[in-house]
Amino acid sequence: MPDAKTLLQEVSTYLPPRDVKNIQRALEFSAAAHEGQLRKSGEAYISHPIAVARILTPLHLDAQAIMAALLHDVVEDTSVSTEEVAEKFGKPVAILVDGLSKLARMEFQTTEDAQAENFRKMLLAMARDVRVVLIKLADRLHNMRTLESMSREKSERIARETLDIYAPIANRLGLHDIYQELGDLGFKNLYPNRYSVLHKALKAARGNRREVIGTIQEAIQKCLDEHKIAAKIQGREKHLYGIYLKMQAKSMPFSEVQDIYGFRVLVDEAPTCYLVLGLLHGLYKPIPGKFKDYIAIPKANGYQSLHTILFGPFGVPVEVQIRTHEMHKVAEAGVASHWLYKSQDSSFNELHKQTHQWLQSLLESLSQSTDSVEFLEHLKVDLFPDEVYVFTPTGKILALPRGSTAVDFAYSVHTDIGNRCVAVKINFELAPLRTELINGDRVEIITAPHAHPNPAWLSYVVTSKARNTIRHSLKTLHLEESVMLGERLLNQAFASLGIKPQDIDATHWEKFLKDSGVKSRTEVLADIALGRRLNMVVARQLARLGDPGSPEHVPLHGVVTIIGTEGLAVQFAKCCRPIPGDPIIGIIKKGHGLIVHTHDCPTLSRGRSGTDEWLDVAWDKHINKAFEVSIKLIVINQRGVLAKAAAAIAEAESNIENVHFTKDVDYTTLHFTLQVSSRQHLANVMRNLRKIPEVVRITRSKGTPTQ
Ligand code: MN
């Protein structure tokens, strides 16, 4: 295997001998496992993992990643298990291989744009370790290079998938070369005719201009020399797919594409970039409106550069990119530049471990300069993904709110599936219905024809569709069933209070019915089943009524202590979002359960329906739970202020659950939903926010109409 030798030579240029040895071991192991398997091209299978690893060596990926690249198909395609990989090559390598095997199992099935977008997001979200994505991209790149041996139909599908999913990810991660090659190969295979026409046109155009271009390069060099600016000037050719995308996006003919040829000027310091720009604009006239400052406002993937287009001699438009050597490294290798150029900054050393950390650094780079709208987009997509992406058994991708359970999934597929669901298989294994779904899960709901929704589901579903449908179905249950169910729920509540049901006798019930003015026990039990009464509240009241130690007439609505983990039985009003420390009041709303508001919640003074019952509630002393709270920030419009606010909130150890904003001419109002543990905690967060100079006003929002 000559390629194997080359690979080992390549890694030995940047990895210590011990690592090289391990890589060799992985190589031999993989070759033995794939023994006898052939690629479609007829080559031995091992040529593929070796080629994948070799795509990664120019990026100087670490030994674990190279080993995982060599082993990436063994679990999926041979009898080797993940455990065996862990045993032989260590757990980190096994985790990488496992991630790759999971991705391999996911067939991307439709070509709708939305599906592609979901898939991209899922891929990024799933791969907790960015190395998995890098290896996956290398895998795809090698498959694209060897696409000829596939049938026309299959190669078209793979090419489309590459353009829809993998090329944008490579671009997003700033992997310049991989992106270009994936794009060009995808384009070539999907639209062979357009590709060859464009290819010819481009070649001709470049040929015609070669001489002029030489003249321009000399002129630029001379100009910079005169001003004693040390700079490296490179000619650059834009790749085909990039030109094609531009023609498509702006529906322009090839003759109008201006930046088919250009220059790159690399200098030492950022300020010099602007100096060079000024000199070049003096040398040739710039085309108005074409200047872009990606140094002040970097692209999402961290790319920084100045772009301008000049009117060259004979009317030849020339695109020029000006950046520092440092910026150039990031421009070429993107996220991989962390391996490629071991940064002195110690915060970078950790970066290769997790995508999450990479995203943090993205946040930092964005926070310095990008405008808030763009920033918010990234914030939403990358840092606080509020959706999970899961597969139906047929391979369709569903996006559900974060925290969704198997029951939410069932209802989002179809109301009937929700109402009839009895069990779920997640990734082919039975799991509880309450299981929270994570990115990439394959979810299969098992139904039974006579099954009914279970009121207990209400305590963990998060989607309103599931919640409303369950409530509606419960209402239509027969009385008999309701009573049985109510009894069960009440007994459950007794159990959790440490009370034996037999300790509650007829006298308890008599007092209870008298105090609450209800006719029968049946009615109470039915009420519980239908969510009109809370099992916990009834159980506590019953228990207290019978306690010989307690006074005869304990007020029926004695103080109920809130511990925050009651589940559906207690809801915190979305209007005022009470948090521990706030004076609170409870309202029993028919069919909704106990809803806790703050004393000063404006919605209380407004609409209180006659059927609602008020209940005194108080916070328990020991609460260990995060609560949601809303705050409103008015800030002066300035770049990076949203990032500063996000950083201040993070520093106070709070999480952002949601953020949206309204923008005026001078001011922006930011609405945050945060997680805090108490009023004290909230005060800390607000104190941190006040330190930001651009912040004009902070208020806690209560009673906003958006419930
Ligand atoms: Mn592969």
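Guide: Two strands count as paired if DSSP finds at least two bridges between them. Strands are DSSP runs of E with at least two residues, helices are runs of H or I with at least four, and both are numbered from the N terminus. The structure is a predicted model, in which local features need pLDDT of at least 70 and side-chain atom pairs pLDDT 80 or more, while totals for chains, interfaces and linings use all residues. Residues are numbered from 1 along each chain as its sequence is written, and side-chain values use heavy atoms, without hydrogens and water.

Visitor: How do you know that β16 and β18 pair?

Guide: Strand β16 (residues 627–636) and strand β18 (residues 667–676) share 10 bridges in the antiparallel sense, and the definition asks for at least two. Within this pairing, K632 stands opposite H671 in β18.

Visitor: How do you know which residues are the protein donors of the manganese ion?

Guide: H48 (NE2), H72 (NE2), D73 (OD) and D139 (OD) lie 2.2 to 2.5 Å from the manganese ion. Donors are N, O and S atoms within 2.8 Å of the metal (3.2 Å for Na, K and Ca), and the site may look incomplete because water is not among the atoms. Along the chain, the donors follow the spacing H-x23-H-D-x65-D. H48 belongs to helix α3 (residues 47–56) and H72 to the loop between α4 (63–70) and α5 (74–77), so the two tie together parts 24 residues apart in sequence.

Visitor: Why are H48 and H72 called buried?

Guide: The relative accessible area is 1% for H48 and 3% for H72. Buried means under 20%, exposed over 50% and partly exposed in between (1.4 Å probe, protein chains only). Both residues are therefore buried.

Visitor: What makes T324 a buried residue, and what is it in contact with?

Guide: T324, found in strand β5 (residues 317–324), has a relative accessible area of 5% and is therefore buried. Neighbours within four places in sequence aside, T324 is in contact (heavy atoms within 4.5 Å) with L266, V267, D268, E269, A270 and C273.

Visitor: Why is the pair of Y191 and Y244 called tilted?

Guide: Their ring centres are 6.0 Å apart and their planes stand at 45 degrees. Rings of Phe, Tyr and Trp (its six-membered ring) pair with centres within 6.5 Å; planes under 30 degrees apart are stacked, over 60 edge-to-face and the rest tilted. The pair is therefore tilted. Y191 lies in the loop between α11 and α12 (192–226) and Y244 in helix α13, so parts 53 residues apart in sequence are tied together.

Visitor: Why do Y191 and Y244 fall into separate accessibility classes?

Guide: Y191, at 25%, counts as partly exposed, whereas Y244, at 9%, counts as buried.
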